[in-house]
Structures are given as structure tokens and as C-alpha cells.
Amino acid sequence: MSRDWTSIDSMLQGIERYNPDNIPLLEEYVQYQIKEKKYNLDANLALLKLYQFNPNHFQTVVSAHILLKALTNLPHSDFLLCKCLIDNSRLEDEGLLHKIVDLSDLLERCQFREFWLLLRQEKANYTDVVAHVNGFEDGIVEFILHIVNKTYQTIYFDELKEILGNLSNDELNKLIKNKGWRKQDDGYVFVANHEESIKTKNIVEKIKFDDVSSVLSASVKTQVAL
């Protein structure tokens, strides 16, 4: 019988948020999120804060799952918020966490080819961590599509395929259709005409007489003195 998680938000209110007895329950909730494609940033931040206050309870794999879930919510700043609650020594010294930070850096710099290369080169070393986060790669693909939509008018089909992790042609064609993009005969994908989305804005400055009266008065006095 599955646990009822509807009370988790109320548990995070007030002083109960800092009760170390809640650590096992919040860890179980992280596992629920990665299996069921759910996401609760506030609960995950609460668990990381409890790890800060109770370092003897720190769990590397659970923290890794939280960081991976946060990556799937890019371009929001969730990953940065979570990372700031983990001691730098752990991020640098514990290989699993360090690798996830490296993956994050590549995504933030839009080095998508390098991201997929690093992920798949190293994935064999922590398959039980990455693979168990259901929808992880789908979330990354959505982030990359978001960046492409914001920055490209057209992009070569094969380049798009590569930065999305070498999807199959059928998978990519389906994504293109779902996004409302258009595959052209010249091998390019039409993404958007950004010039059409530019909106002009009239700026009207309203200056009250009281704001300039003192300036005018001073100017008149100066002229009279001369």
C-alpha cells in the first residue's frame, strides 16, 4: 500500500521543518519523486537543510537524486539552491556529487554535446543513481528545446539531433511536430521568426511641473544676476 504524501507540505511548516526525526520520511519522499516523476523542491531543500544541521545523517545517493531532479527543472535556479545547501568539501571530494556538478556546469554553458558525452561515458559508474531518476533525460531534452526555441530561428536537423543526445530520426521528428516547428527540404528546421515576436514599446515620460519649477526658478535667478 502506497503512502499518502498529501500531508508532506503541512509537515514542512513551522519548527517541525527542522525536526531530525523527519529525515527518514523525507528520504523516502525523494525516492517517491524519482520513481513517479513528481517534484517538490521545498521538501528537498528541507531535507538538505536537515543534513546541514545533522551531518552524521548525510546520504550521498539521496543528495545526488535531489540534484538530478533539480537539473530536470532547468532553467529555474533549483540546482543552485540545492547545491548551496551541500558542503563544498562533499561536492569536491565525493565523486558522484562532483560529477553531477560537472554536468550542471555543461548545461549552464549550453555545451550540450559535451553534456551527453560525459553523461554516457560515466553513466556505467552510477547507473543505479541516474537511471533510477525516471524522466531525467526527458527533462534535459526539454531544457535544451527551450534554449533552442529562445536562440535559434533555424537549426540544421543533424545538429539538433546531436545536441539532443542523438535521438532517432522518428523521435526528433515527433518533437519537431509537437513544438510546432517545421522541417525544411534543405535539411534545416525552422524554429521561429524572432523578428515577428519583437514588440515595440512607446515610452512616455511624465514630468510634473513641480519637478521642474525649482530648476526653472534657479535658471531665471542666474540670468537676472548676470
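Guide: Start with exposure: buried means under 20% relative accessible area, exposed means over 50%, and partly exposed lies in between. The model is predicted.

Visitor: Why is Glu159 called partly exposed?
Guide: Its relative accessible area is 25%. That falls between 20% and 50%, so the label is partly exposed.

Visitor: What makes Cys82 buried or exposed?
Guide: Cys82 has a relative accessible area of 1%. The cut-off is under 20%, so Cys82 is buried. Cys84 is at 55%, over the 50% limit, and therefore counts as exposed.

Visitor: Why is the contact of Arg113 and Glu162 called a salt bridge?
Guide: The limit is 4 Å from side-chain nitrogen to carboxyl oxygen. Here N to O is 3.1 Å, so the pair qualifies. Arg113 lies in helix α8 and Glu162 in helix α11, so the pair ties together parts 49 residues apart in sequence.

Visitor: What makes Arg113, Glu159 and Glu162 one network?
Guide: Shared partners. Arg113 also forms a salt bridge with Glu159, at 3.6 Å between the closest N and O atoms.

Visitor: Why are β1 and β2 called edge strands?
Guide: The sheet order is β1-β3-β2. β1 and β2 each have a single partner strand, so one side of each is left without a neighbour in the sheet.

Technical notes:
Residues numbered from 1 in each chain as written. Predicted model: local features only at pLDDT ≥ 70, side-chain atom pairs only at ≥ 80, totals over all residues. Heavy atoms only, no water. Pairing = 2+ DSSP bridges. Helix = DSSP H or I, 4+ residues; strand = E, 2+ residues; numbered from the N terminus. Buried < 20%, exposed > 50% of the residue type's maximum accessible area, 1.4 Å probe, protein only.
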